Amino acid sequence: MVKLTDTEKNILRGDQGRLQQKALENIVRYAEVLGAEELCKVTKATLGLGAQPYLDHIRSDNYDQIFSRVYMCTDEVLDVSHNKFSASCFCMTCTENCDAEDYAEVGLSKEYFDKNSSFLEIARAAGVSMASTCAPYLLGWLPLKGEHFVTTESSNAMFCNSLLGACGNPDGVEAAAWSAICGRTPKWGLHCAENRYATHEFKIECSAQSAIDWDVIGYTIGRILPTGGIPVITGHFAYPNIAAVKQLFASIATTSGAVMCHILGMTPEGQTLDMATGGRGVEGTFNITADDYAESLVMLCDGTQGAVDYVSLGCPHYTLEEIQDVANYLADKKIKDGVRFHVWTAYPLKEMARVSGYLTIIEKAGGRIMTSSCPIMVGESIMKNSKGVALDGAKQAHYIRSMTDAAVYYGDKYRCIDAALSGRWDS
Amino acid sequence: MPLFLEGGIVKMKTVIKGRGAIAGVAEGEALVCPDSIQGWAGVDEITGVIIEKGHIEEGTSIDGRILVIPSSKGSNCWSGHFNSAMINGVKPAGWVVRQIDSRVGVAAVVVGSPMVVDFPGIDPCRAIKTGDWVKVNGDTGEVEISHKT
């Protein structure tokens with residue numbers, strides 16, 4: 001039985017309206033399934049809204065009906081269009097399935113673009129801010145230590161739990177919406193201090209210098225990490241920078257269910273091994289060797305060499321510093337005819353890239369800065385009839401294999417840019 | 001291990017006990033996924049067929065099966081893919097989950113099929129084999145396994 005506060009009882013009674021009532025009903029049921037005894041207040045949310053493809057399964061143009069069925073899990077048509085989400089929870093949109101402006105470049109129709117815009121307009125009216133990024137922390141969406149958040153992006157959950165000390169579980173699109181509407185989530189899992197300790201140690205014995213090193217390390221840790229485990233990373237290495245750490249977190253959350261990772265001495269709850277494990281020690285220790293690293297690379301990058309006609313960088317969305325790196329490397333070079341070259345980021349950062357001059361350099365070379373989405377979010381249409389795609393994110397390289405028959409190549413941004421310049425991936 | 005006769009064939013039956021998470025009783029053929037199923041690009045949302053590359057059950061549909069998994073894996077939107085499949089009329093008849101996590105918890109609420117979770121000292125992914133006939137009782141937490149011989 002979940003213990004509720006008086007405010008929660010009032011919401012459940014319908015005092016704040018049927019939408020809030022239904023959202024809390026779902027949260028209470030979710031809490032019962034988990035075995036949670038109480039709820040906690042959520043103050044930050046990122047949400048998968050807009051015309052996400054899973055909404056197409058509802059044959060309707062009525063957003064209230066679509067939202068009610070897909071997000072609220074009811075055939076009752078709730079009035080979403082005229083209701084605000086929780087006043088105490090700051091909500092932003094997560095990645096969408098289309099660039100913010102250019103639907104044709106990603107192979108989508110104007111009809112889809114207009115539908116997406118109209119759905120987002122309803123979210124805007126409900127009080128959701130438009131951000132459309134997997135890396136909202138780059139835009140100031142920052143739940144701090146002890147703050148409870150929900151998010152539809154696993155790498156964001158990993159970032160906020162691990163690096164910021166905020167508390168959030170990987171709930172999913174539906175529960176994130178319930179929480180954003182009623183301002184509550186079950187007090188369970190990573191919302192409780194006793195569940196945030198490391199269970200398994202990963203000693204780094206391979207190269208751990210570049211963003212791609214940390215990407216591959218994360219992918220490897222996720223492959224090895226036992227179910228329900230939380231890693232603590234140890235070894236002799238320089239702390240990963242922002243580019244490296246966001247790739248590390250994205251790739252661990254790709255091959256495992258973990259959304260928290262301690263980096264010994266770096267993350268706030270992992271200053272010492274004793275602190276990271278809560279004094280309990282770890283259940284197991286794994287060494288990440290050069291052989292493990294190589295094994296992951298084989299899984300991520302096709303062993304053949306061949307033509308490349310689509311190159312995508314920026315998973316998670318690039319920081320301005322990473323865009324600057326691309327611009328510096330691309331200056332005075334020309335991407336081969338027939339190769340499409342995309343750099344993905346959030347649109348405020350694209351604007352910063354424009355005023356900083358990086359956008360001009362990238363466009364002059366024949367590339368594009370794209371926003372609000374990524375290849376795996378857009379889906380098959382972005383690959384068109386590609387023969388070879390090159391990517392610098394393990395998460396992209398992992399998932400895209402189920403979406404295309406093209407050869408999938410994976411390497412750091414410089415190797416991917418070289419492939420864009422030559423139109424080839426050479427092993 | 002108790003034996004019973006079905007269609008002239010001697011079969012073995014075992015019962016394992018966990019915690020009932022979603023009430024109700026369901027039975028069906030087990031589909032055991034010891035490495036779970038990834039969220040993104042894990043299950044085809046129209047057919048329910050597992051599309052995860054290299055998955056032990058790649059090409060098999062989850063529809064009408066008792067899905068036996070350790071927990072979830074991958075995307076935060078894990079539940080969403082089962083939600084979409086359910087809207088298209090495809091869903092597991094029941095779930096057996098070694099250790100519940102938040103993604104599974106949301107999927108449980110969304111799909112609503114009987115679910116038993118959290119088996120102390122027992123790994124249902126080892127106790128149950130794909131093809132076994134399994135009865136999931138979400139009221140009592142009992143999972144009855146009729147082993148395929």
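Biologist: What share of the contacts in chain B between residues at least 6 apart in sequence joins residues at least 24 apart?
Modeller: In this predicted model, 67% of those contacts in chain B do so. A contact here requires heavy atoms within 4.5 Å.

Biologist: Why is chain B said to agree with a compact globule?
Modeller: For 149 residues the globule rule gives a radius of gyration near 15 Å, and chain B has 14 Å, so the two agree. The C-alpha atoms of chain B fill a box of roughly 40 × 30 × 25 Å along the principal axes.

Biologist: What makes a residue of chain B count as buried, and what percentage does so?
Modeller: The residue must have under 20% relative accessible area; 60% of the 149 residues of chain B count as buried.

Biologist: How many residues does each chain bring to the contact between chain B and chain A?
Modeller: Chain B brings 35 residues and chain A brings 43. Trp40(B), Asn76(B) and Val109(B) supply 23% of the area that chain B buries against chain A, more than any other three residues. Between them the chains bury about 3,000 Å², with 58% of it on carbon and sulfur atoms.

Biologist: Which element gives the most to the side of chain B that touches chain A?
Modeller: That is α2(B), with 7 residues.

Methods:
Residues are numbered from 1 along each chain as its sequence is written. Chains are lettered from A and ligands numbered from 1 in the order in which they are written. This is a predicted model: local features need pLDDT of at least 70, side-chain atom pairs count only at pLDDT 80 or more; totals for chains, interfaces and linings use all residues. Side-chain values use heavy atoms; hydrogens and water are left out. Buried area is the accessible area (1.4 Å probe) that two parts lose on being put together, summed over both. Helices (H or I, at least four residues) and strands (E, at least two) are DSSP runs, numbered from the N terminus. The radius of gyration is taken over C-alpha atoms; the globule rule is 2.2 Å times the number of residues to the power 0.38. Buried means under 20% relative accessible area, exposed over 50%, partly exposed in between (1.4 Å probe, protein chains only).
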